[in-house]
Amino acid sequence: MTDQPNSSAPRSHGRKTLRPTAQPQELMTDRPVLARAWTAQVITLLPDAFPGLLGTSLTGKALKDGVWQLETTDLRRFGVGKHRNVDDTPAGGGAGMVLRADVLGNAIEATRRGARGRMPLIHLSPRGVPFDQAMAQDLARQDGVTLLCGRFEGVDERVLEHFDILEVSMGDYVLTGGELPAMTLIDACVRLLPGVLGNAESAVEESHSAGLLEHPQYTRPAEWQGRTIPEVLTSGDHAKVAAWRRDQSERLTRARRPDLWARHGDKSSEQG
Ligand SMILES: C[S@@+](CC[C@H](N)C(=O)[O-])C[C@H]1O[C@@H](n2cnc3c(N)ncnc32)[C@H](O)[C@@H]1O
């Protein structure tokens with residue numbers, strides 16, 4: 001049985017010379033590590049799925065500009081035996097397969113050797129603490145993150161204990177693997193990095209930034225299908241617009257997310 005990976009070097013993605021029209025696969029290239037860029041390390045059985053959507057639009061431009069960098073670790077490279085097996089049947093029986101502790105352990109160690117500064121190690125998991133904007137803000141202030149994407153029935157529990165891995169959930173439903181949650185987490189963090197959003201797309205006033213949902217938005221035409229834009233928004237009175245938006249935010253949050261509204265109320269009374 002060969003436990004040695006054929007190559008333990010994680011792969012970097014993105015480079016400044018990339019054309020914005022390139023296919024995601026073309027973003028992938030070995031490149032020098034950018035010492036100061038926010039770094040997402042992703043341990044996955046599907047490295048070719050990255051950067052995927054993250055290679056487009058604002059996150060893609062920021063990747064190309066070196067605001068952040070992406071490194072994938074192909075779990076398969078750490079597989080054991082001729083077939084590079086990464087999983088086995090669950091101890092105690094039951095359906096499905098579980099990612100092996102030794103395979104995961106070697107992949108995590110190799111990946112973490114390349115970690116710089118403060119980079120929390122996270123396993124995306126439906127059992128985890130729910131991901132939210134506050135966590136995105138916190139992670140965006142750090143140097144990056146190492147993300148372990150599970151597959152099949154998940155990962156051997158001993159790995160979570162040994163590396164003291166934080167489990168983070170993208171919601172109360174079960175996906176096939178951790179890759180989409182990893183991309184969601186990275187997207188939410190990268191758009192908060194300085195310079196990623198232009199003035200036109202401020203992260204300050206959007207949903208969840210102040211614990212409330214965002215007010216409704218309108219644009220041209222002034223009338224559509226017999227529906228007009230609320231008059232206050234075309235009044236030019238900035239104070240009234242701000243008050244209307246605040247009121248709408250509060251109404252929407254109260255109606256749609258009583259849990260957020262309750263937390264917001266608690267925070268306001270603490271501050272007041
Ligand atoms: C089919 S799931 C395993 C679910 C696991 N057996 C359970 O019941 O908790 C396979 C992998 O997908 C990822 N995953 C699935 N749903 C997720 C969610 N809601 N949030 C984050 N990751 C998720 C995790 O990495 C997980 O290890």
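Predicted model: local features only at pLDDT ≥ 70, side-chain atom pairs only at ≥ 80, totals over all residues.
I started with what the buried residues of H2 pack against: strand S2 (38–44), strand S3 (68–74), strand S5 (98–99), strand S6 (121–130), strand S7 (144–149) and helix H4 (157–162).

Next I looked up which residues of H2 are buried. They are Val103, Leu104, Gly105, Ala107, Ile108, Ala110 and Thr111. I remembered that an α-helix has 3.6 residues a turn, so residues three or four places apart point the same way.

Then I checked the length of H2. The helix runs over residues 101–112, and at 1.5 Å a residue its 12 residues should span 16 Å. I found its end C-alpha atoms 16 Å apart, so the two agree.

On to Glu206, which sits in the loop between helix H5 (179–190) and strand S9 (223–224). Is Glu206 buried or exposed? I read off a relative accessible area of 17%, and since under 20% counts as buried, Glu206 is buried. What does Glu206 touch, leaving aside its neighbours within four places in sequence? I got Gln133, Arg191, Leu212 and Glu214.

Last, I went to helix H3 (residues 133–140) and how it packs with H5. The angle is about 70 degrees, and the axes are 8 Å apart. Angles of 65 to 115 degrees count as roughly perpendicular, so that is what I call H3 and H5. I noted their crossing as right-handed.

Which residues meet there? From H3 I listed Ala136, Leu139 and Ala140, and from H5 Leu185, Ala188 and Cys189. I sorted the residues of this contact into six nonpolar, no polar and no charged.

Conventions
Residues numbered from 1 in each chain as written. Heavy atoms only, no water. Helix = DSSP H or I, 4+ residues; strand = E, 2+ residues; numbered from the N terminus. Expected span 1.5 Å × (residues − 1). Buried < 20%, exposed > 50% of the residue type's maximum accessible area, 1.4 Å probe, protein only. Contact = heavy atoms within 4.5 Å. Axes fitted to C-alpha atoms, helices over the stretch in contact; angles between N-to-C directions. Parallel < 35°, antiparallel > 145°, perpendicular 65-115°, else oblique. Left-handed = near helix turned anticlockwise from the far one by under 90°. Nonpolar A, V, L, I, M, F, W, Y, C, P; charged D, E, K, R; others polar.
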